[in-house]
Amino acid sequence: MPQPDHHPHVVVRRADRPGDLGWIVLAHGEVYHQQFGWNAEFDVMVAGIVAEYGGGHDPATEAAWIAEVDGERAGCVLLVGGGKPGVAKLRVLLVTQAARGLGLGTRLVEECLAFARAAGYRQVTLWTNDILVAARRIYEHFGFTLVDEEPHHSFGQDLVGQNWTLDLDDRDGAARP
């Protein structure tokens with residue numbers, strides 16, 4: 001645990017180093033099991049998302065980021081094509097429990113959306129679950145709107161899945177204060 005007078009050194013960088021993609025899968029499995037009791041079914045889903053990205057993403061239109069605190073991985077996010085022209089998907093946003101409260105989630109989503117705009121996307125979508133309250137606050141901060149939600153049983157739990165959308169009209173180009 002950092003000392004009260006310690007000012008952590010935070011870096012958000014591309015996830016392009018050996019071990020980054022594996023860490024994304026590992027961290028998701030561990031954090032979501034500890035916090036919500038999710039089972040290995042979640043690991044499998046995240047591994048599939050990461051494997052698809054790692055196996056052939058187009059660097060001009062898809063990217064991944066790692067947040068580090070004092071040189072240790074502490075968060076991640078991916079932006080991938082959404083299956084329709086002009087649409088991207090924000091995937092696997094995570095900040096480790098030890099690094100929460102440092103603004104990493106906001107910084108990761110900010111990087112993601114800046115990249116999406118520069119790559120020419122008109123819309124970013126995402127799927128999450130309603131119990132992920134902190135992540136939803138970040139999405140709302142950037143102007144994402146809830147499109148629909150549906151109960152489901154996944155990862156060993158009864159959950160409510162949600163689809164969110166952000167239109168990138170770029171009038172303000174940044175997060176709302």
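# Reading a predicted fold, feature by feature

Me: Is His-33 buried, partly exposed or exposed?

Reply: Buried means under 20% relative accessible area and exposed means over 50%, with partly exposed in between (1.4 Å probe, protein chains only). His-33 has 49% relative accessibility, so it counts as partly exposed. His-33 belongs to helix α1, residues 20-36. Helices (H or I, at least four residues) and strands (E, at least two) are DSSP runs, numbered from the N terminus.

Me: How do I check the length of α1 against what is expected?

Reply: The expected span is 1.5 Å times one less than the number of residues in the helix. α1 has 17 residues and reaches 23 Å from its first C-alpha to its last, close to the expected 24 Å. Its buried residues include Trp-23, Ile-24, Val-25 and Tyr-32. The buried residues of α1 pack against β1 (10-14), α2 (40-54), β2 (63-69), β3 (72-81) and β4 (87-95). Just after α1 comes Gly-37, with a positive phi of about 75°.

Me: Where do the buried residues of α2 fall, seen down its axis?

Reply: The general idea comes from helix geometry: an α-helix has 3.6 residues a turn, so residues three or four places apart point the same way. In α2, Phe-42, Val-46, Ile-49, Val-50 and Tyr-53 are buried. They fall within an arc of 90°, so they line one face of the helix; the arc is taken over the directions from the helix axis to the C-beta atoms. Ala-40, Val-44, Ala-51 and Glu-52 are exposed on the other side of α2. The cover over the buried face includes α1, β2, β3 and β4. At the start of α2, a side-chain oxygen of Asn-39 comes within 2.9 Å of the backbone nitrogen of Glu-41.

Me: What about α3: on which side are its buried residues?

Reply: Among the buried residues of α3 are Leu-104, Leu-108, Cys-112 and Phe-115.

Me: Which residues touch the most other members of the largest nonpolar core?

Reply: A nonpolar core is a set of buried Ala, Val, Leu, Ile, Met, Phe, Trp, Tyr and Cys residues joined through side-chain atoms within 4.5 Å. The largest one here has 55 residues, and Ile-24, Trp-65, Leu-79, Leu-90, Val-124 and Phe-144 touch the most other members. Helix α3 (residues 104-118) gives the most to this core, with 7 residues. Beyond four places in sequence, the contacts of Val-124 include Leu-79, Leu-90, Phe-144 and Trp-164.

Me: How many disulfides does the structure hold?

Reply: A disulfide is a covalent bond between the sulfur atoms of two cysteines, and here the cut-off is a pair of cysteine sulfur atoms within 2.5 Å. The structure holds 0 disulfides. The sulfur of Cys-76 is 11 Å from the closest cysteine sulfur, in Cys-112, which is too far for a bond. Cys-76 is buried at 0% relative accessible area, and Cys-112 is likewise buried at 0%.

Me: Which residue other than glycine has a positive phi near 60°?

Reply: Most residues other than glycine have a negative phi, and most peptide bonds are trans. Phe-155 is the residue with a phi near 60°, in the loop between β6 (145-154) and β7 (157-167). Phe-155 counts as buried at 4% relative accessibility. Asp-70 also has a positive phi, of about 50°, although it is not a glycine. Asp-70 lies in the loop between β2 and β3 and is partly exposed, at 38%.

Conventions
Residues are numbered from 1 along each chain as its sequence is written. This is a predicted model: local features need pLDDT of at least 70, side-chain atom pairs count only at pLDDT 80 or more; totals for chains, interfaces and linings use all residues. Side-chain values use heavy atoms; hydrogens and water are left out. Contact means heavy atoms within 4.5 Å. A polar contact is a pair of N or O atoms within 3.5 Å; within protein, one must be able to donate a hydrogen and the other to accept it, and residues adjacent in sequence count only if both atoms are side-chain atoms.
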